[in-house]
Amino acid sequence: MTTSEEPFSGPRRRTVVATIGGAGLAAALTACGGDGDGGSGDGANDATAPAGARSSGGGGAAGTVLARTADIPVGGGKIFKDAGVVVTQPAKGEFKAFSNLCTHKRCPVTSVEGGTINCPCHGSRFSITDGGVEQDPATSPLPAAEISVDGDSITLA
């Protein structure tokens with residue numbers, strides 16, 4: 001008398017391990033490159049630019065008024081997530097602008113504090129003066145964005 005067994009139709013061990021590994025990789029990539037809104041959550045360093053505005057590094061809308069000069073604190077800055085830029089005022093009357101995407105893994109920066117523009121993903125920090133790396137893992141400075149100051153208006157150039 002012979003018995004026949006049906007072949008096992010469930011997933012193989014290799015398939016299960018590969019699936020779990022892929023899910024872990026997807027979670028890690030989401031954390032690094034996420035599509036976060038760039039907001040700090042408390043609104044202290046965020047501002048909203050007019051709809052459709054983008055940084056000059058991202059093909060932005062030239063002529064878009066971002067803020068009044070009084071809105072940018074001396075020794076600090078503000079993040080304009082919709083425009084994709086960070087505007088800083090390193091010294092009174094001196095305004096600079098940079099991309100809001102960290103050069104390490106392109107996470108949006110979320111705060112400007114203590115003289116640096118800060119990325120929450122891996123702790124990179126950039127100078128408010130020239131966008132240079134103050135703390136790694138980033139190795140490249142934030143790209144400059146072009147702005148113009150006319151009276152008390154700061155505009156994307």
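Biologist: Does Cys102 count as buried or exposed, and at what relative accessibility?

Modeller: Buried means under 20% relative accessible area, exposed over 50%, and partly exposed in between, with a 1.4 Å probe and protein chains only. At 1% relative accessibility, Cys102 counts as buried. Please note that this is a predicted model, in which local features need pLDDT of at least 70 and side-chain atom pairs count only at pLDDT 80 or more, whereas totals for chains, interfaces and linings use all residues. Residues are numbered from 1 along each chain as its sequence is written, and side-chain values use heavy atoms, with hydrogens and water left out.

Biologist: Which cysteine sulfur is closest to that of Cys102?

Modeller: A disulfide is a covalent bond between the sulfur atoms of two cysteines. Here the criterion is a pair of cysteine sulfur atoms within 2.5 Å. The closest cysteine sulfur to that of Cys102 is in Cys119, at 3.9 Å, which is too far for a bond. Cys119 is accordingly in no disulfide, and Cys119 is buried, with a relative accessible area of 6%.

Biologist: How many disulfides does the structure hold?

Modeller: The structure holds 1 disulfide. Cys107 and Cys121 form it, with their sulfur atoms 2.2 Å apart. The angle about the S-S bond is -105°, and the link is left-handed. Cys107 lies in the loop between strand 5 and strand 6, and Cys121 in the loop between strand 7 and strand 8, so the pair ties together parts that are 14 residues apart in sequence. Cys107 is buried, with a relative accessible area of 1%, while Cys121 is partly exposed at 28%.

Biologist: Where does Arg106 lie?

Modeller: Arg106 lies in the loop between strand 5 (94–99) and strand 6. Phi of Arg106 is near 65°, a positive value in a residue other than glycine. Arg106 is exposed, with a relative accessible area of 53%.

Biologist: What is the order of the strands in the open sheet of 4 strands?

Modeller: Strands of a sheet pair through backbone hydrogen bonds, either parallel or antiparallel. Helices (H or I, at least four residues) and strands (E, at least two) are DSSP runs, numbered from the N terminus, and two strands pair if DSSP finds at least two bridges between them. This open sheet has the order 6-7-8-9, with antiparallel pairing. Strand 6 (111–113) and strand 9 (133–135) stand at the edges with a single partner strand each, so one side of each is left without a neighbour in the sheet. Strand 8 (residues 125–127) pairs with strand 9 over 2 bridges in the antiparallel sense, and Arg125 stands opposite Gln135 in strand 9.

Biologist: Which residues does Thr116 touch, leaving aside those up to four places away in sequence?

Modeller: Contact means heavy atoms within 4.5 Å. Thr116, which lies in strand 7 (residues 116–118), touches Ser111, Arg125, Phe126, Ile128 and Glu134 on that count. At 10% relative accessibility, Thr116 counts as buried.

Biologist: How many helices and strands are there in the protein?

Modeller: There are 1 helix and 11 strands. Of the 157 residues of the protein, 36% count as buried. Among contacts with a separation of 6 or more, residues 24 or more positions apart account for 48%.
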